[in-house]
Amino acid sequence: MQPSHGEEILSVSELTRRIRRSLEEEFDSVCLVGEVSNLRRPASGHVYLTLKDSGAQISAVLWRSSASRLRFDLEDGMEVIVTGALTVYEPRGSYQVVISSIQPKGMGALQLAFLQLKDRLEKEGLFRPEAKKPLPFLPACIGVVTSTTGAAVGDILTVLARRFPPAHVVIRPVRVQGAGAAAEIARAIAEFNEWGGADVLIVGRGGGSLEDLWAFNEEVVARAIHASRVPIISAVGHEIDVTIADFVADRRALTPTEAAEIVLPELAELVGRLGELRGRLTTALRGRVDLARARLERLRASYGFRAPLETVRRHEQRLDELAGAAALAVRRRVESCRERLATAAGRLQALGPVRVLERGYSITRVLESREVIRSAGQVQAGQAVETLLHAGRLVSRVETVNGQTSVVREDPGSPRANRRGA
Amino acid sequence: MSFEKTLEALEQIVEELESGELTLDEALERYERGVAAHKECTAILAAAEKRIEVLVQGADAKLGTRPFEAEDGSAREDGS
């Protein structure tokens, strides 16, 4: 074929080079939006993809160095905004965009990375509540993983000194931001586990930008927290900052200050509680003893317990009564005897000689022998006799003794005759 | 037994004693245990000793601690 109008004949390479120069000059910096498709990640580390929209598509490449800086995972179907330069791949005569930066459409790269990792770790079960270890109530030693140049360490130490002055704290200084920070944090957590001296760890830092806090959103930190046998309290930034570390940790503190409040109880409060319990213990026991004593007292005062004593008293009373009755009976007996005696005495008296004498009889006795004279023969004339009268006595001398009847010459003046011999 | 467990035991003993449902023997036994628990808790608190140290790796690659000295905060990495 003859070239017309004397036009320059170009080699394929030459033309391609010209196209390339032209494209690269005109599109040395483009910013375009599209959907990721046909994503490929060969072993070289470069990432190849096709960006498309409803009407067209264009090849794109992310060289290894750019790909490693990518925070989030590219996925097919993802809407992205890329910045890059157009170039031509000469061996195939194709043009492509060399991507210098890529952003998810609608949100920041970090935000997407955060969501992606959160989603992945959650599916893996790293956030499961049942995987969370309980915090010790009174840790003997608290490990702290943070920067010693930041505010967090000061906040933690200040709060601990106030709440629990004798707290034992071991700090493992780490960088908390910048390249390598996440690895350092992860290593520090592993070291605390290896050392074994701390009962609980506080891992965190003070507030900062999302970029500053990024180390706590990295997978290596999440894995280290999850692998830790020592319970971990995460304490990253301020209340509004939520990191992956917060989800994996056994307990999330909103701030480093709050972590220090969570990790140890207030000593003064504990001492007060112990004192109060001690008081209640003693009071309760005293109450119980008082109760027992009162019950004992009630029993002692009860009828059943008093009964034996009552019986004794009753017997004693009965005895007293009997004694009284006995005395009375004796007295009555004596009285009755005395009465009978008096009666007998009365009757005796009535039958006695005195009353006979009253009636005019008399008793004559031999004066000397006091022998009662019952017959005349007992005496002889001239013998002295004594005659007892009701009132007084006579002494006389026998004149004559006359057989059966004796006539006694009475002394002159005595009209009475002894009519009957006694 | 840990401080928390001992403290919980003490609280339970006090509640049992306060319930008034124990026999005198039981009450005395609880009281003795309560006093022992209180003593133990108090001893644990008294044994705590203030120490602030830094975890370091020794020459023999073993991890140990040395006293902590607060560093100058002028080069703070975080802004809070």
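1. Two strands count as paired if DSSP finds at least two bridges between them. Helices (H or I, at least four residues) and strands (E, at least two) are DSSP runs, numbered from the N terminus. On that basis, β7(A) and strand β1 (residues 51-57) of chain B run parallel, joined by four bridges. V170(A) has E53(B) as its bridge partner in β1(B).

2. This is a predicted model: local features need pLDDT of at least 70, side-chain atom pairs count only at pLDDT 80 or more, and totals for chains, interfaces and linings use all residues. Residues are numbered from 1 along each chain as its sequence is written, while chains are lettered from A and ligands numbered from 1 in the order in which they are written.

3. The contact between chains involves 42 residues of chain A and 38 residues of chain B (contact: C-beta atoms, placed from the backbone, within 7 Å). On the chain A side, α4 (151-163), β7 (168-173), α5 (181-195) and α9 (267-301) each supply at least two residues. The largest share, 12 residues, is from α9(A).

4. That side of chain A comprises 24 nonpolar, 10 polar and eight charged residues. Ala, Val, Leu, Ile, Met, Phe, Trp, Tyr, Cys and Pro count as nonpolar; Asp, Glu, Lys and Arg as charged; the others, Gly among them, as polar.

5. Within chain A, five strands close into a barrel, ordered β1-β2-β3-β5-β4, with mixed pairing. The twist from one strand to the next averages 55°. Axes are lines fitted to C-alpha atoms, for helices over the stretch in contact; angles run from 0 to 180 degrees between N-to-C directions.

6. Strands β3 (residues 57-62) and β5 (residues 94-104) of chain A pair in the parallel sense over three bridges. Here A60(A) stands opposite V97(A). Helix α1 (residues 12-26) of chain A lies across β4 (79-89) and β5, at about 145° to β4(A).

Methods: Contact = placed C-beta atoms within 7 Å.
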